[in-house]
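Dear colleague,

Please find below the sequence and coordinates that I would like to hand over to you. My notes on them follow directly after.

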Amino acid sequence: MHDNRLIVEGRLERFVQQFLPGALYRERRPLAVEAWNVPGEPVPAPVAFAAGYQPVTLPHSWGDPWGTTWFHVTGRVPEEIPPGTRLELVVDLGFSGPRPGFQAEGLAYLPDGTLIKAVAPRSSHLPWDPARPSIDLYVEAAANPELAGENTYEPTPLGDRATAGSGPLYTARAFDVALLDVGVWELAQDIWTLDGLMRELSPDSARRWEILRALERMLDAVDPAAVSATAAAGRAALAGVLASPAAASSHRIVAVGHAHIDSAWLWPVRETIRKCARTFASAVTLMDEHPEYRFACSSAQQLAWVKQYYPALFERIRKKVAAGQFIPVGGMWVEPDINMPGGESLARQFLYGKQFFLKEFGVDTLEAWVPDTFGYSAALPQIIAASGSRWFLTQKISWNQVNQIPHSTFLWEGIDGTRIFTHFPPADTYISELSGAELAHAARSYKEKGVAGTSLVPFGWGDGGGGPTREMLAAAERLGSLEGSPVVTIDSPQAFFERAEAEYESPPVWSGELYLELHRGTLTSQHLTKQGNRRNEHLLREAELWAATAAVREGAAYPYDELTGSWHTVLLQQFHDVLPGTSIAWVHDEVEQNDARLRESLGRVIDESVRTLVGEGDLELATDGLGIREPAAHPADVSLTEEDAGFVLDNGLVRAVIDRRGHLVSLRDAATGREAIAPGAAGHRLVLHRDIPNEWDAWDIDEHYRRVSRDVDEVESLETGAGEVVVTRRFGDSTIRQTLRLRPGSAALDLACEVDWHERHALLKLVFPLDVHADRFAAETQFGHVYRPTHTNTSWDAARFEVCAHRWIHVGEPGYGVAIANESTYGHDVVRHTRQDGGTTTTVGLSMLRGPMFPDPGSDLGRHTLAYSIRPNAGIREAVAEGYRANVPARAVRGAREVEPLVRVSHPAVMVEAVKLAEDRSGDVIVRLYESEGTRASVRVECVGDARFVDLIERDVEPPAGAEFEPGAVSLTLRPFQLVTLRFTAAGR
Ligand SMILES: [Zn+2]
């Protein structure tokens, strides 16, 4: 037989593009339209309903960037609704292309305020009950600008209302009442699924040809001039190939309806709130029509917004949760960045997320759901387990530039040894439309073939695109058992995980972090957002500690609502496009405003609590860890002398030499006398790199940044003061003032930087070449640290050229090491080289500032302060101490008495990360602690009341074997990096 495959496929393409769409509606009649432009920011629906509308004729241009226009639409349903048709309305706001979620969006309301559904590209219809002959509705249309364009990453002024300009962005083209031809629509769904499947099958397979011939018979049967009348004949031609069942060995897919809505990104938070309302309204409306449909919603914050701003919709959601259709998943407050938030922050993501789902819906989520985040810290498995969850779903690591994770389903082992059953959907998308290409890709790239056979596919348009569509549900229905295709079943994430676990007896293990080999700039972009996060975390730590201590000791009122509200803001700002610095200017400006408020309000909680504790008096006191004491007197002053080599700072513990270029050329501790700085090298050196990634401006640092750089060593002035040397430099359009300071009694040299930053597409690194032979370095992560190699033996090592560290980084040899601590830096790199003298120099680089131009062309411009400290002769214990000191400096306070710590731990490796009162407001004290050195630690923990062991949600758990209880104390042995939460009951004290 002659091979005419390409000709038939071409014939099909023309039919689908040219003849099928026009036949979908048998009739379309325009409705009467009037419009009201909202002056300024969006208003609640009742305000809009009462506004003054002007009649408009279509096409109608509307929408300043970020503006809102309400359309009031009226008319009558047709006299007759013929069989085989469905009455609906069709809206075209002037959609600029098929990509939903990144352009104009609308939400339709009945005049009584009931939400109907969103309108977006690919889902522009609205259901209308034919029993209501008089059509009357409102569409709230958002003129969200298309910021991403064609992903060229060119600077755009659109991300800030102040610079976005004015003038209509969109032209509304249709508000019609229409009769959908159901037969034609069903034919279109048949064709879409079969065509998609066919193109994924090998031309050598008989099944591909079977489908081709059926489609060819369909094309013969359907008259392009009379599609409606001949659609049934077309469907009959396809019925046979659609009925052919899937093979027994087919890959099985659990399809979960989903809408990945970024909580802020190329739009501000206020728009996300509306995106949630649009998407969830569409979801519950679709559920009414499709009882089999399941929709997973992963972010408690988004549902909390809906509860606050759209209470009637929230009640509809509540009913759908009870019916098992709307499924809360993930258990976190938002889908946060996982690299940078502190340990306590990730604990609170689960605490407040799960608490919301439990309280509002009675649902205890069992899976962590973070598909889109830019890398996953090795601390996460233990935190997931400590929240009472069992499973983890992720996706983004499939974007790795070099190496692919070898598993689709595996046990992910964290720093403490906890293993979590993890799935990594092989479809490589969390916004699937259940296309043949996506499903075939899932089956092909599923890595567990032969031992397991099920994967999960999240389907539905994200980011305000409206979530799953009726077309996707139609596809799922056809794919339930279809020869050549994976078997698709719509179900819940929990059903997937239970099935996947049951079919896979001994999954492979991946130990350590899931490093994303991309988006490494997210550790540095938008420094003020990152610094704010770090400060907020530590202010919350202090506020809770002192407020809890004051409540227990002095009976002071504990500011539950204020602290919870502050946490909610901090957790929202850890969202995976906010903390990474990849949002528009509008978002980051709001973060800075929120942070200023948090600094003020948390500062007040701290001050009031501390004053209550110390009383009125004239004793000079200072906060010191968990207590308040008279500060220790330091006998030795700091000497500053001038030698040939430069200026020498010496406090008897540390001796630092700063040359006349302002570089740190020598750093020795008195105990060993050993030199920390590599011979002939200069520490505390500034290096300015050209930093133009190939794509993803704010997201990426590409490895080629290393090739073009210059030292910033011009000295404008060099001054000395008490115990300090201050150097000012000017470079490009920027200035930097670096202060090197040695305090009495300190084992570390403090380094403060004030930068006025005006460089674009540049990366400023602070570099320390150390005379240390280190094969690996330690970087703090949540509740512990991770080691990474300093070499590039394998492609995995080479790809990790920019990594995350929290408060400190440590390089060492047995018996000697150097710790470098920071208060707002996350991006680090560590390299080493062998010198002429045979010694090894290990160089630590800290990424201070970048200048990406998309999506915020002005990101990081202006003034910054950054602070570091370097401590020679430091082990991990000293590094941990420096990290705390850099982030929780002692507060001086005047009072009548010292304050004994509310909580005492007997082992120096055991760190208390949080002291707070319990969420149930019982007055119980919650104490979270962890082993910080990677060792085993037998510890006695003292507080007041009887101790119980609880999870992150403050629910009782089994005490660890060997725990010994006594009144006001518990003794236990912690495993390396073990995280423990204790509840000391108020009743027991
Ligand atoms: Zn995202």
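In which sense do β23 and strand β24 pair, and over how many bridges? The two strands pair in the antiparallel sense, and three bridges connect them. Please bear in mind throughout that this is a predicted model.

**Strand pairing around β23**

Strand β23 covers residues 619-624, and strand β24 covers residues 627-629. Within this pairing, Thr623 has Ile628 of β24 as its bridge partner. The hairpin formed by β23 and β24 has two residues between the strands, and Gly625 adopts a positive phi near 65° there. β23 is also joined to strand β44 (residues 892-895), by four bridges, and these two strands run antiparallel. In that pairing Leu621 stands opposite Val893 of β44.

**Aromatic contacts**

The structure contains 39 aromatic pairs. One of them is formed by Tyr153 and Trp696: the ring centres are 5.3 Å apart and the planes meet at 45°, so the pair is classed as tilted.

Trp510 and Trp796 form another tilted aromatic pair, at 5.4 Å centre to centre and with 45° between the planes. Here too the pair links distant parts of the chain, since Trp510 is in strand β22 (residues 509-511) and Trp796 is in helix α17 (residues 795-799), 286 residues apart. As for accessibility, Trp510 has a relative accessible area of 17% and is therefore buried, while Trp796, with a relative accessible area of 28%, is partly exposed.

Tyr153 and Trp696 also belong to one aromatic cluster, together with Phe102, Trp265, Trp267, Trp399, Trp699 and Phe854. Elsewhere, Arg28 lies over the face of Tyr25, at 5.7 Å from the ring centre.

The largest cavity has a volume of about 200 Å³, and 23 residues line it. Of these lining residues, Gly342, Glu537, His538, Arg807 and Glu913 lie nearest its centre. By class, the lining of the largest cavity is made up of nine charged, seven polar and seven nonpolar residues.

Several elements contribute to that lining. At least two residues each come from α9 (343-361), α14 (527-554), β36 (776-781) and β46 (910-917). The greatest contribution is that of α14, which supplies six residues.

**A further position**

Thr739 is located in strand β33 (residues 734-742). Its relative accessibility is 6%, and Thr739 therefore counts as buried, the limit being under 20%. Between Thr739 and Val899 the separation is 160 residues in sequence and 34 Å in space, C-alpha to C-alpha.

With kind regards

Conventions. Residues numbered from 1 in each chain as written. Predicted model: local features only at pLDDT ≥ 70, side-chain atom pairs only at ≥ 80, totals over all residues. Heavy atoms only, no water. 1 Å grid on protein atoms, 1.4 Å probe; cavity = no way out; pocket = protein on both sides within 12 Å on 5 of 7 lines; lining within 4 Å. Points joined across faces, edges and corners; volume = space filled by probe spheres on them. Nonpolar A, V, L, I, M, F, W, Y, C, P; charged D, E, K, R; others polar. Phe/Tyr/Trp six-rings, centres within 6.5 Å; stacked < 30°, edge-to-face > 60°. Buried < 20%, exposed > 50% of the residue type's maximum accessible area, 1.4 Å probe, protein only. Lys NZ or Arg CZ within 6 Å of the ring centre and 35° of its normal. Pairing = 2+ DSSP bridges.
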